[in-house]
Amino acid sequence: MTITLIFLACIMATVIFWLLRQTFNIQPWVSDEVADEVTGMSLDLKPQAIALTTFMAVATSLFALFASAYSLRMEMPDWRPLNEPMILWINSFFLVLASIAYQWSRAKVASTDIGSKKLVIGLGIAGVFSILFIFGQLSAWQELNSKGLYVSSNPAVAFFYVFTAMHGIHLLGGLYVWARSLAKIYQNQDLRIVRTSVELCTIYWHFMLLVWLLLFGLMIAT
Amino acid sequence: MSYVALVDRDHEQDHHDPDTFLTKYVWSQDHKVIAIQYGGLAILVGVVALVLSVLMRLQLGFPNEFALINPESYYQFVTMHGMIMVVYLLTALFLGGFGNYLIPLMCGSRDMVFPFLNMLSVWVYFLSVIILIASFFVPGGATGAGWTLYPPQSLSGGTPGTDMGIILMLVSLGVFIVAATMGGLNYVTTVLQYRCKGMTLMRLPLSVWGIFTATILALLAFPALLVSAIMMILDHSVGTSFFMPAMISEGQQLSYNDGSPILFQHLFWFFGHPEVYIVALPAFGLVSDVLATHARKNIFGYRMMVWAILAIGGLSFIVWAHHMYVSGMNPYFGFFFATTTLIIAVPTALKVYNWVLTLWQGNIHLRVPMLFAIGFIFTFIHGGLTGLFLGNVTIDLPLSDTYFVVAHFHMVMGVSPVLVVFASIYHWFPLMSGKMFNETLGKWHFWLTFLGAYAVYLPMHYLGFQGVPRRYFSLGTTDFLPESAHTLNASITISAIILALAQLLFFINIFISLRNGKKAKPNCWGATSLEWLTPDTPPKHGNWGHDLPEVHRWAYDYSVPGQSQDFTPQTVPASEVPVGRDHGVDHDT
Ligand code: HEM
Ligand SMILES: [Cu+2]
């Protein structure tokens with residue numbers, strides 16, 4: 001549970017510290033012309049960005065709890081460490097490439113116009129590598145399966161399946177938004193909409209990469 | 001990246017009203033309709049849970065007189081009752097119901113930021129309820145594992161509902177979590193980014209603060225339940241041993257290995273304790289606004305109230321193991337959790353003092369919502385004090401799993417939030433429906449509910465002291481229980497039946513008021529917050545007519561000395577207040 005506690009403590013501390021700063025030293029019962037001009041936005045961010053950040057906090061909590069469960073379950077006598085398939089290294093590399101491609105597309109969408117070929121190419125590469133990652137994960141499953149390591153064989157194996165599945169589902173959710181951004185480009189929608197979509201996806205992809213590296217790290221370290 | 005605020009873009013957007021019956025009432029994206037769908041459904045399942053509790057009481061008060069109730073069904077009733085009340089009624093009603101209705105109105109926006117997501121949220125919630133109710137009808141019936149669902153007994157023979165029931169329960173919870181997360185993203189974003197001009201965070205009514213903080217707790221705590229649900233489904237269906245230890249059940253060696261039931265308890269309570277505050281914080285917020293309005297006084301210590309809400313929210317994540325004192329934990333561990341548990345009582349007590357001080361020398365109008373709100377202060381103090389007992393390890397050990405715990409949590413998170421629910425429904429009913437409710441019926445409803453609740457739960461403390469265990473189908477004959485314990489049980493049952501029947505008064509009241517109630521005047525209580533200041537009562541789609549409101553003050557300018565009216569709505573600028581005011585400093589008048 002320590003991992004979770006540290007993660008959640010960080011999130012809670014940030015939220016509470018920020019909220020306290022908003023509330024400290026304010027006397028709301030005094031009439032205040034500066035406050036009268038406040039726009040009603042607490043942060044200079046699009047609502048979508050706030051929603052994404054919040055969602056990432058939820059996902060962080062979810063994966064941190066899985067990691068805590070992993071570390072608690074490890075202490076039981078029947079735990080046999082798993083030899084993670086080598087293909088995971090290749091998969092990780094794919095995910096890094098997807099992230100880089102997204103970062104590149106983001107730079108493009110900021111500077112070019114909507115019809116830009118480069119943007120489509122960048123997004124295409126990001127998507128293809130993400131899909132490759134998912135197929136790579138599936139083939140890791142297959143490899144374990146063929147070695148006779150089923151989900152019920154050992155808790156370490158079970159956690160491996162659960163971690164990869166949960167991470168994969170989150171990435172698939174991302175790919176759904178990715179497909180929608182491509183569709184928006186083809187429908188020639190407003191550049192601002194496409195820009196938001198690509199910018200937020202980039203952040204999400206980096207987040208998914210980070211989550212994967214931490215989970216992967218946890219599994220090979222133990 | 002800079003983003004243009006909602007208020008500055010309001011006129012760019014066209015607000016086309018839904019025109020067909022379906023888009024208006026069924027697939028509606030209007031937060032007010034969604035709120036009523038959420039709330040109505042929550043209350044409907046709540047009634048199911050209430051009926052279950054009466055069935056349980058029948059068995060406890062008059063053992064074995066009712067053939068309908070056997071040990072299996074008793075456990076199923078216990079489980080479904082608890083889970084429905086905590087999750088599907090209170091959480092859904094406070095966040096999905098009141099959160100949806102009040103957040104946009106109190107923040108001065110036209111709707112939630114993501115109306116479509118909001119609509120999805122309520123329909124996904126509906127789905128989770130269907131799955132839950134379906135579990136009554138599958139082979140083996142609903143799960144009887146207790147609302148805590150502790151393995152190994154929730155998955156092993158002897159417990160009802162181990163084949164399909166438990167799976168449906170877990171899946172339903174998972175679906176509920178998806179719904180709550182979709183709703184939660186909306187509430188957080190709306191509060192942060194969609195307030196009207198002049199509405200600083202510190203000018204928000206406490207209702208919004210309570211719901212907002214509870215939403216953050218829900219977003220971070222529900223994943224723990226999801227994690228445990230996923231792992232338990234795997235243990236059940238594909239033979240993993242996350243939680244299930246090696247064990248022999250009904251003479252058979254099960255195929256599990258060294259799983260850790262304690263791990264489940266940690267995960268469950270990591271969700272479970274914040275969950276009690278997910279229910280409590282919105283209630284704290286709502287009741288503060290009801291008290292201030294009907295006492296015609298500003299809420300005492302507004303800033304302290306906000307900080308207390310935040311402090312409770314933060315602390316509620318580091319007390320979970322006080323539910324596990326009897327699990328054989330390291331004493332230092334127990335000491336840590338006992339300490340944090342007692343610390344969390346400090347901000348909680350602060351809030352109670354502030355409510356009482358708000359009433360102090362107020363111009364109290366004992367209308368129905370106010371009665372319920374004051375009733376809440378009583379029951380909450382009561383339940384909070386028994387919490388202090390249970391927070392201490394040495395006192396908890398003998399009391400754990402007795403009726404004392406049942407009494408504690410029913411006072412503090414059963415009766416108290418429900419009283420706030422009624423206070424809030426009566427308070428906002430004129431706004432939501434445009435009709436007044438019947439005052440006399442409402443008062444009868446209050447007194448029967450309040451006194452009935454005491455008649456039910458007060459005696460349970462004594463039963464607990466005598467060692468009556470909770471979750472027992474029948475007590476049989478034992479040496480340590482005097483005959484009077486059984487008589488007490490019968491009396492509790494009779495009170496419980498009266499209490500349950502008294503709730504009919506509420507439904508009758510709502511029903512006849514909707515049909516024949518007097519038309520409600522706009523802002524009938526003379527409140528200051530924005531939801532009462534809409535051009536129409538009840539507010540129409542888009543809430544504010546042509547122009548968004550602009551806010552010039554906090555939500556608690558009641559009885560400001562030197563002003564001709566005893567309330568000043570948030571939209572009134574300083575220059576338009578009748579007489580010059582000196583910051584609302586209260587003189588003895
Ligand atoms: C003054 C603050 C409080 C303290 C010190 C406290 C302490 C405790 C303790 C130590 C237990 C475990 C008893 C046992 O199982 O042996 C408990 C149970 C419980 N408390 Fe509280 N509590 C407090 C406030 C609350 C509030 C505000 C709520 C809800 C709104 C709440 C809801 C519950 C519930 C639902 C249980 C029973 C869970 C179960 O075993 O099924 N408590 N409390
Ligand atoms: Cu607790």
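**Exercise 1. Find which helices of chain B each supply at least two residues of the lining of the second largest cavity, then describe that cavity.**

Step 1. Helices α8 and α13 (403-433) of chain B each supply at least two lining residues; helices here are DSSP runs (H or I, at least four residues), numbered from the N terminus. Before going on, note that this is a predicted model, where local features need pLDDT of at least 70, side-chain atom pairs count only at pLDDT 80 or more, and totals for chains, interfaces and linings use all residues. Residues are numbered from 1 along each chain as its sequence is written, chains are lettered from A and ligands numbered from 1 in the order written, and side-chain values use heavy atoms, without hydrogens and water.

Step 2. A cavity is a set of points, on a 1 Å grid over the protein atoms alone, where a 1.4 Å probe fits but cannot get out; lining residues have an atom within 4 Å of a point. For the second largest cavity there are 13 of them, with Asp289(B), Thr293(B), Thr528(B), Ser529(B) and Tyr558(B) nearest its centre.

Step 3. The volume, meaning the space filled by probe spheres set on the points, is about 60 Å³.

**Exercise 2. Work out which element gives the largest share of the lining of the largest cavity.**

Step 1. Start with the count: there are five cavities of 30 Å³ or more. The largest has a volume of about 120 Å³.

Step 2. Its lining holds 18 residues, and Leu95(B), Ala179(B), Ala180(B), Gly184(B) and Tyr187(B) lie nearest the centre. Two or more residues come from each of α4 (71-107), α6 (165-193) and α7 (206-237) of chain B.

Step 3. Now you have it: α6(B) gives the largest share, eight residues.

**Exercise 3. Identify the protein donors of the copper ion (ligand 2) and decide whether His273(B) is buried or exposed.**

Step 1. Look for donors, which are N, O and S atoms within 2.8 Å of the metal (3.2 Å for Na, K and Ca); water is not among the atoms, so sites may look incomplete. You will find His273(B) through ND1, and His322(B) and His323(B) through NE2, at 1.8 to 2.0 Å from the copper ion.

Step 2. Along the sequence these donor residues follow the spacing H-x48-H-H. His273(B) sits in helix α8 (residues 261-295) and His322(B) in the loop between α9 (302-315) and α10 (331-359), 49 residues apart.

Step 3. Buried means under 20% relative accessible area, and exposed over 50%, with partly exposed in between (1.4 Å probe, protein chains only). His273(B) is therefore buried, at 5%, and His322(B) is buried too, at 14%.

Step 4. To finish, check the neighbouring metal: the copper ion (ligand 2) is 4.6 Å from the iron atom of ligand 1.

Note on methods
On a 1 Å grid over the protein atoms alone, a cavity is a set of points where a 1.4 Å probe fits but cannot get out, and a pocket is an open set with protein on both sides within 12 Å along at least five of seven lines; lining residues have an atom within 4 Å of a point.
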